[in-house]
Amino acid sequence: MTVYLIIMYILVFLVSASIGSFLNVLVYRIPKGISAARGYSFCPNCNHRLHPLDLVPIFSFLGLGRRCRYCKQPISWRYAIVESITGIVGLGLFLYFNVIQELINHAVYGVYLANGKVNDIVTNLFYIGTDVVAGTDLADNTSIGSLLHRFGETSLADGGYNPIRSLFETGFIPLHEFTIAWLPLILWVVSFLLFCVLFTLSLIDMDTQEIPDRFHLCILILAILTILFVPIGIGLKSRLIAFVIISVPMFILAMIIPGAFGGGDIKLMAAAGLLLGIQGVILATFIGIITGGVYAVYLLVSKKNQRGGHFAFGPFLALGIFAAYLWSDTIVTAYLSLYM
Ligand SMILES: [Zn+2]
C-alpha cells in the first residue's frame, strides 16, 4: 500500500461523501416539491443561503459545532451520517471491484501485447502482475511497469475471489479490449448509482411512507443500462419474467388485504425484477421480508410503533435489492448448500 493509493482512496471517499450530501438535499426537497436540480442550498430553519464552506461533507458539520452558522439551530446528525455512509459505500464498492488494479493491469497488458509476448489473453490479463513484479524486462523500463511497482503487487495474481475474474472465467462476459479495460469502472459506477437511488428512496420512504415514482424510473433506466453495458449473465427473458413474478402477487395481496403493501413497494419490485432477473428478485424479496419482519417484531416487542401498525417497507426491500445485485449467486449457493 503506497501513499498514491491512499490519496486515491481518500479522494474516492470525499467524492462519494459529497454525493451523499446531494442525496440529503434530494431527501429534503423531493417530498416538498422543491426543485432539486436548480437553486442554491439553504438552511431549512432560517432559509439563509449556505456558503460553499458550509457544504464540505462531514467536516462542515463537525467544524461548525453541529449548528447552522447563521441561526445557530442544531443540525441533525442524520446529514453527516448519510454523507458518511455514502462515502464508505462508494469507497467500499471501489475496492470491491478493484477499479485501480484492473485498469493498471490492463495498461500493463497492453504493453505486453505491443511487445508481442501475449499468447493467452486471460492468463496474461490476470497473471501478468506477478510476471512484472517478478522482474521481467518490462518492470523497470516502462512508465507503466514502474507505476505497477509503485502501486504494489496486484491482488489479482493468485488466489482470492475476484468478482471481475469470475465473470470472465464463467464466460459471462465476452473478451473485448474495451470491456476488459473499462468494466470495473462501469461496474463501480452502476452499483454506486444503484446504491444512491435505493438509499435516497429509503430515506424518503422512512420520512413520508411513500416512494416517489421517479425512483422506480431511475431503477428501470439502470436496468436498461446494465442490459446494454454490463452483460452479467442475466437473460432478457429472466428479466421480463422477474418484472411480474413478485410485483403481480404483491398487487393481488394488496387487493385482498388493504394496506399489505404500498403501491410504491409494488412498483419498486417490478423495476428491481428487470434489473435483477428471477433469482435476484426472489432473493431480494426474501431478504426484504426477513429483515422487515425482524424489525416488525422489534416494534411489537418494544411497543415503539405509533403509526397504527404501518412502517416503511421500502428500506428493507432496498437492502434486499442491493444485496441481490452484488451477491445473488453467492448468497443463493451458500443458502442451498445448507440443505444439500
Ligand atoms: Zn440556519
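Predicted model: local features only at pLDDT ≥ 70, side-chain atom pairs only at ≥ 80, totals over all residues.

I numbered residues from 1 along each chain as its sequence is written.

**Overall make-up.** I looked up the secondary structure and found 14 helices and zero strands, where helices (H or I, at least four residues) and strands (E, at least two) are DSSP runs, numbered from the N terminus. Of the 340 residues of the protein, I noted that 33% count as buried. For contacts I used the rule that two residues are in contact if their C-beta atoms, placed from the backbone, lie within 7 Å. Among the contacts between residues at least 6 apart in sequence, 71% join residues at least 24 apart.

**Two positive phi angles.** I looked up Gln209, which sits in the loop between α9 (177-208) and α10 (213-229) and, although a residue other than glycine, has a positive phi near 65°. Gln209 counts as partly exposed because it has 15 C-beta neighbours inside 10 Å. Asn98, in the loop between α3 and α4 (99-114), is not a glycine either and has a positive phi of about 55°. Asn98 counts as buried, because 21 C-beta neighbours lie inside 10 Å.

**Gln101.** I then moved to Gln101, which lies in helix α4 and is buried, with 23 other C-beta atoms within 10 Å. I noted a C-alpha to C-alpha separation of 9.4 Å between Gln101 and Pro184, which are 83 residues apart in sequence.

**Gly87.** Which residues does Gly87 touch, not counting residues up to four places away in sequence? I found Phe13, Ser16, Ala17, Gly20 and Pro57. Gly87 belongs to helix α3 (residues 77-96), and its 23 C-beta neighbours inside 10 Å are why Gly87 counts as buried. The C-alpha atoms of Gly87 and Ala17 are separated by 4.0 Å, although the two residues are 70 apart along the chain.

**Cys71.** I found Cys71 in the loop between α2 (59-63) and α3, where Cys71 counts as exposed because it has 11 C-beta neighbours inside 10 Å. Leaving aside neighbours within four places in sequence, Cys71 is in contact with Cys43, Asn45, Cys46 and His48. Between Cys71 and Cys46, 25 residues apart in sequence, I noted 6.2 Å from C-alpha to C-alpha.

**Helix α11 and its cover.** In helix α11 (residues 236-245) I found Arg239, Ala242 and Phe243 to be the buried residues. They cover an arc of only 110° around the axis, and so lie on the same side of α11; the arc is that of the directions from the helix axis to the C-beta atoms. What covers these buried residues includes α12 (247-256) and α13 (263-302).

How are α11 and α13 packed, and at what angle? The angle is about 110°, with the axes 6 Å apart; axes are lines fitted to C-alpha atoms, for helices over the stretch in contact, and angles run from 0 to 180 degrees between N-to-C directions. That makes α11 roughly perpendicular to α13, given that angles under 35 degrees count as roughly parallel, over 145 as roughly antiparallel, 65 to 115 as roughly perpendicular and the rest as oblique. On the α11 side of the contact I listed Ser238, Arg239, Ile241, Ala242, Phe243 and Ile245, which meet α13 residues including Ala270, Gly273 and Val281.

**Helix α14.** My last entry concerns α14 (residues 314-337), which has 24 residues and spans only 29 Å between its end C-alpha atoms, whereas a straight helix would span 34 Å at 1.5 Å a residue; the expected span is 1.5 Å times one less than the number of residues. I found a kink of about 90° in α14, centred on Trp327, the bend at a residue being the angle between axes fitted to the seven residues ending there and the seven starting there. Among the buried residues of α14 are Phe316, Phe322, Tyr325 and Ser328.

Terms used
Buried ≥ 20, exposed ≤ 12 C-beta atoms within 10 Å, placed from the backbone.
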